[in-house]
Amino acid sequence: MGHRLGHVLRPHSHEAADKVDHALEGSGEGIRALWISLAGLGATTIIQAVVYALSGSVALLGDTLHNAADALTAVPLGVAFVLGRRPPTRRYTYGYGRAEDLAGVVIVLAIAVSSVAAAYAALHRLADPEPVAHLPAVAAAAFVGFLGNELVARYRVRVGRRIGSAALVADGLHARTDGFASLAVLLGAAGVAAGLPWADPVVGLLITVAILLVLRQTAREVWRRLMDAVDPALVDRAESTLADTPGVLSVGQVRLRWIGHRLRAECDIVVDPATTVVAAHRIAVDAEHNLLHALPRLAGALVHPDPQPAPGVDHHAVLIAHR
C-alpha cells in the first residue's frame with residue numbers, strides 16, 4: 001500500500017530519456033567504484049612489490065601478481081562503462097552495453113595469466129631454493145594485501161549488485177579470494193621462520209590453486225552473461241506481474257536478457273479477441289509499466305498482445321513455414 005501511495009505522490013516517467021538517465025547513473029557508480037578500487041589495490045600492490053624485492057618471497061610474488069591483475073581489470077571495465085553510456089545508433093541499436101560483458105572476458109584472461117605467472121615462480125623456487133629475507137616485512141605485506149582486497153571486494157560487490165553489473169560483482173569476488181591468498185602468505189612466512197624453506201614456494205602453489213578457483217567461478221559468470229542467462233526467479237516474477245495486469249488473460253513466452261547492467265524483456269500476452277487495437281495497446285503499456293516496477297534494472301520491455309485463440313483459428317498461421 002505504501003509503495004502505491006508513494007507512486008501516486010511522486011510522479012515519474014518511463015520515457016526513453018529517463019531510462020537513459022538511469023543507465024548513466026548506474027555506469028557512473030560503476031566507474032567511480034572502479035577508480036576507487038584501482039587506487040586501493042594499486043597502493044597495496046606497490047607495497048607488496050617493494051617487500052618482494054627486498055625479501056624474494058615467491059608466495060608474496062604470487063599474491064602481488066594477483067593483486068596487480070585485479071587492479072588492472074579496472075581498465076577494461078572502465079572503458080566498458082564509458083562505452084555503455086553512449087546512446088544507441090542505427091548500427092548498434094541496443095547501445096553499447098555488451099562492452100561490459102566483453103570486459104568480463106578480458107578479466108578472465110587476466111586472471112589466467114596471473115595464475116600461470118604465480119605457478120611458474122613457485123615451481124622455479126621449488127627446483128632452485130633460495131632464502132627468504134625480512135620475514136616480518138613479508139608478514140606485514142601479507143596483512144596489508146588481505147585488508148586492501150577485502151575492502152575493495154566489499155565495495156565492488158555492493159556497487160555491482162546495486163547496478164546489476166555481473167562483471168563488477170565477479171571482479172569483487174576475485175578481490176575477496178585474493179585477500180585470503182594474502183593470508184596464506186603469512187603461513188609461508190611462518191613456515192620459513194620455523195626452518196621450512198619449502199613452505200614459501202608451496203604456499204605460492206596454493207595461491208595458484210586459489211587463483212584457478214576464482215578463474216573457474218568468474219569464467220562461469222561471464223559465460224552465463226554472454227549466453228543471455230538470467231536468474232529464473234526474474235522470469236517467474238515477470239510472468240506473475242504480467243498475469244496480474246488487468247486485461248491479460250494469460251501469459252505466453254517471456255524472454256529476458258542482460259545488456260551490460262540493464263535488463264531487456266520481450267513478452268507475449270493473451271487478450272480478449274474482441275479488444276480494440278487501442279485497448280490492447282493500453283493493456284500492453286500497463287503490462288510494461290508494471291514490469292518496470294517489478295524488475296528494478298529493467299530498461300524496457302516489448303510486450304506483444306495476442307488475441308485469445310479460438311477453435312480452428314491460428315492467428316500465426318502465416319509464420320509456421322518460417323519457424
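This is a predicted model: local features need pLDDT of at least 70, side-chain atom pairs count only at pLDDT 80 or more; totals for chains, interfaces and linings use all residues.
1. Setting of Asp-228. This residue is found in the loop between H8 and helix H9, the latter spanning 232-243. Its backbone deserves a remark: phi of Asp-228 is near 65°, a positive value in a residue other than glycine.

2. Salt bridge from Asp-228 to Arg-98. The two side chains meet in a salt bridge, with an N to O distance of 2.4 Å. Asp-228 lies in the loop between H8 and H9 while Arg-98 lies in helix H5, so the pair ties together parts that are 130 residues apart in sequence. Arg-98 has 25% relative accessibility and therefore counts as partly exposed.

3. Arg-282 and Asp-286 both lie in helix H10 (residues 277-294), four residues apart, or about one turn of the helix. Their side chains meet in a salt bridge with an N to O distance of 3.0 Å. Arg-282 is partly exposed, with a relative accessible area of 45%, and Asp-286 likewise counts as partly exposed, at 28% relative accessibility.

4. Network and total. Salt bridges that share partners join Arg-98, Asp-101, Asp-228 and Arg-257 into one network.

5. Nonpolar surface patch. Leu-102, Val-105, Leu-109, Trp-223, Leu-226 and Met-227 make a nonpolar surface patch of about 610 Å². Two elements give two or more residues to the patch, namely helix H5 (98-127) and helix H8 (199-226). Which of the elements gives the most to the nonpolar patch? H5 does, with three residues. Val-105 is found in helix H5 and, at 30% relative accessibility, counts as partly exposed.

6. Packing of H4 against H5. The axes of helix H4 (residues 74-84) and H5 come within 8 Å and cross at roughly 175°. H4 is therefore roughly antiparallel to H5, since angles over 145 degrees count as such. On the H4 side the contact is made by Pro-76, Leu-77, Ala-80, Phe-81 and Leu-83, and on the H5 side by Ala-99, Glu-100, Ala-103, Val-106 and Ile-107.

7. Packing of H3 against H4. For helix H3 (residues 58-72) and H4, the axes come within 5 Å and cross at roughly 10°. The two helices are therefore roughly parallel to each other, because the limit for that description is under 35 degrees. H3 contributes Asp-70, Ala-71 and Leu-72 to the contact, while H4 contributes Ala-74, Val-75 and Pro-76. Pro-76 is also listed in the contact of H4 with H5.

8. Tyr-94 in the loop between H4 and H5. Tyr-94 lies in this loop and, at 46% relative accessibility, counts as partly exposed. Not counting residues up to four places away in sequence, Tyr-94 touches Pro-88, Ile-259, Arg-264 and Glu-266. How far apart are Tyr-94 and Ile-259 in sequence and in space? They are 165 residues apart in sequence, and 8.0 Å apart in space from C-alpha to C-alpha.

9. Ile-36 in helix H2. Helix H2 covers residues 16-55 and contains Ile-36. At 46% relative accessibility, Ile-36 counts as partly exposed. The C-alpha atoms of Ile-36 and Asp-63 are separated by 20 Å, the two residues being 27 apart along the chain.

Definitions and conventions
Residues are numbered from 1 along each chain as its sequence is written. Side-chain values use heavy atoms; hydrogens and water are left out. Patches are made of residues with over 30% relative accessible area and no salt bridge: like charges are joined within 9 Å, nonpolar side chains (Val, Leu, Ile, Met, Phe, Trp, Tyr) within 5 Å. Accessible areas come from the Shrake-Rupley method with a 1.4 Å probe; for residues, only the protein chains shown count as cover. A salt bridge is a side-chain nitrogen of Lys or Arg within 4 Å of a carboxyl oxygen of Asp or Glu. Buried means under 20% relative accessible area, exposed over 50%, partly exposed in between (1.4 Å probe, protein chains only). Axes are lines fitted to C-alpha atoms, for helices over the stretch in contact, and angles run from 0 to 180 degrees between N-to-C directions. Angles under 35 degrees count as roughly parallel, over 145 as roughly antiparallel, 65 to 115 as roughly perpendicular and the rest as oblique. Contact means heavy atoms within 4.5 Å.
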